[in-house]
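This report describes a predicted model.

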Amino acid sequence: MRKKLVAGNWKMNTTRQTATTLVRELVAEIGQETRLDVVVCPPFPYLLPVREVLAGSRIALGAQNVFPEAKGAFTGEVSPVMLTDCGCQWVIVGHSERRRVLGESNEFIRRKLIAAVQHGLQVILCIGETKEERQAGQTFAVVSAQLQESLPALSSAQLAAVVIAYEPVWAIGTGINATPEQAQEVHSYIRDWLARHCGSEISQTLRILYGGSVTPANAPSLLSQSDIDGVLVGGASLQARDFLAIARAAIP
Ligand code: PEP
């Protein structure tokens with residue numbers, strides 16, 4: 001039985017005040033929830049104030065990005081060591097906005113993933129096809145290549161720190177979510193891929209999240225699919241009421 005995970009990716013949104021207010025509301029409502037894992041990923045400058053509010057709760061802190069070196073002359077970057085020092089337990093890597101807007105390659109994402117896991121972070125690795133790729137019938141090929149090139153050969157213990165988020169690019173921030181059937185089809189493909197490349201135990205235990213225009217209205221049907229182990233939520237994670245409704249839909 002895989003425990004569901006609901007993660008909020010706040011992207012480049014909130015202020016110090018709205019970030020702490022938002023997380024205070026989450027802590028008050030689901031701060032002690034044990035039936036699912038909840039992660040919030042604020043922008044870097046708000047990690048520490050959010051961490052203060054999260055103290056003593058079961059909601060985990062995550063970052064939206066990491067650089068694959070521990071320290072050094074990398075102006076503007078943030079290392080995995082700094083993230084753990086700030087109380088992060090999670091980090092998102094490979095988000096499509098970073099792949100497309102910042103030009104990150106599978107190889108670079110792979111390096112980030114290795115560095116993050118080596119420094120004790122748990123990783124949400126995002127993959128997913130564009131609209132054009134789906135229309136050309138390339139969804140499985142794209143997802144397979146992303147897994148092949150960005151998921152490193154880790155030990156079973158290290159893979160236990162990895163979660164995959166299937167996020168079709170055409171569904172992110174568009175209000176057009178994948179249907180539960182479309183998402184389940186790709187999740188099942190990913191699980192088969194994991195069985196072939198990482199073994200059946202990993203394929204059965206590794207959580208696969210869906211992301212892309214998740215709302216309180218569509219979360220229950222997405223989360224009821226057998227291979228959907230949680231959701232990565234962008235826009236709807238900025239409103240406590242919506243994020244709470246989505247989180248509650250993930251409670252078995
Ligand atoms: C995301 O940014 O990971 C995401 C899924 O965004 P949204 O929920 O807004 O589509």
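## Glu104 and its partners

Glu104 is buried, with a relative accessible area of 9%; buried means under 20% relative accessible area, exposed over 50%, and partly exposed in between, computed with a 1.4 Å probe on protein chains only. Glu104 forms a salt bridge with Arg98, in which the closest N and O atoms are 2.7 Å apart. A salt bridge is defined as a side-chain nitrogen of Lys or Arg within 4 Å of a carboxyl oxygen of Asp or Glu. Arg98 counts as partly exposed, at 23% relative accessibility. Glu104 also meets Lys112 in a salt bridge, at 2.8 Å from N to O, and Lys112 is buried, as is Glu104.

## Basis of the model

The model is predicted: local features need pLDDT of at least 70, side-chain atom pairs count only at pLDDT 80 or more, and totals for chains, interfaces and linings use all residues. Residues are numbered from 1 along each chain as its sequence is written, and side-chain values use heavy atoms, with hydrogens and water left out.

## Other salt bridges

By the rule above, the count comes to 14 salt bridges. One of them joins Glu97 to Lys11, with the closest N and O atoms 2.7 Å apart. This pair links distant parts of the chain, 86 residues apart: Glu97 belongs to helix 4 (residues 96-100), and Lys11 to the loop between strand 1 (5-9) and helix 1 (16-30). Helices (H or I, at least four residues) and strands (E, at least two) are DSSP runs, numbered from the N terminus. Glu97 is partly exposed, with a relative accessible area of 31%.

A network of salt bridges links Arg2, Arg191, Asp227 and Asp229.

Most residues other than glycine have a negative phi. Lys11, in the loop between strand 1 and helix 1, has a positive phi near 50°. Thr14 is found in the loop between strand 1 and helix 1 as well, and its phi is positive at about 80° although Thr14 is not a glycine. At a relative accessible area of 22%, Thr14 is partly exposed.

The largest pocket holds about 420 Å³ of space. Of the 14 residues that line this pocket, the closest to its centre are Lys11, Met12, Gln64, Asn65 and Arg98. On a 1 Å grid over the protein atoms alone, a pocket is an open set of points where a 1.4 Å probe fits, with protein on both sides within 12 Å along at least five of seven lines; lining residues have an atom within 4 Å of a point. Grid points are joined across faces, edges and corners, and a volume is the space filled by probe spheres set on the points. The lining of the largest pocket divides into 7 nonpolar, 4 polar and 3 charged residues. Here Ala, Val, Leu, Ile, Met, Phe, Trp, Tyr, Cys and Pro count as nonpolar, Asp, Glu, Lys and Arg as charged, and the others, Gly among them, as polar.

The second largest pocket holds about 190 Å³. Of the 19 residues that line the second largest pocket, the closest to its centre are Gly173, Ser213, Val214, Gly234 and Gly235. By class, this lining has 5 nonpolar, 12 polar and 2 charged residues.

## Ligand surroundings

The ligand is surrounded by 14 residues, of which the closest are Lys11, Glu167, Gly173, Ser213 and Gly235; a residue is near the ligand if one of its heavy atoms lies within 4 Å of it.

A polar side-chain atom of Glu167 lies 2.7 Å from an oxygen atom of the ligand. From the backbone, a polar atom of Gly173 is 2.6 Å from an oxygen atom of the ligand, and a polar atom of Gly234 is 2.8 Å from one.

## Sequence separation and spatial distance

Ala7 lies in strand 1 and counts as buried, at 0% relative accessibility. Its C-alpha atom is separated by 8.1 Å from that of Gly230, 223 residues apart along the chain. Leu47, in helix 2 (residues 47-54), is buried at a relative accessible area of 2%. Leu47 and Cys88 are 41 residues apart in sequence and 7.8 Å apart in space, C-alpha to C-alpha.

Val38 is found in strand 2 (residues 37-41) and is buried at 4% relative accessibility.

How values were computed
Polar contact = N/O pair within 3.5 Å; in protein donor to acceptor, adjacent residues only side chain to side chain.
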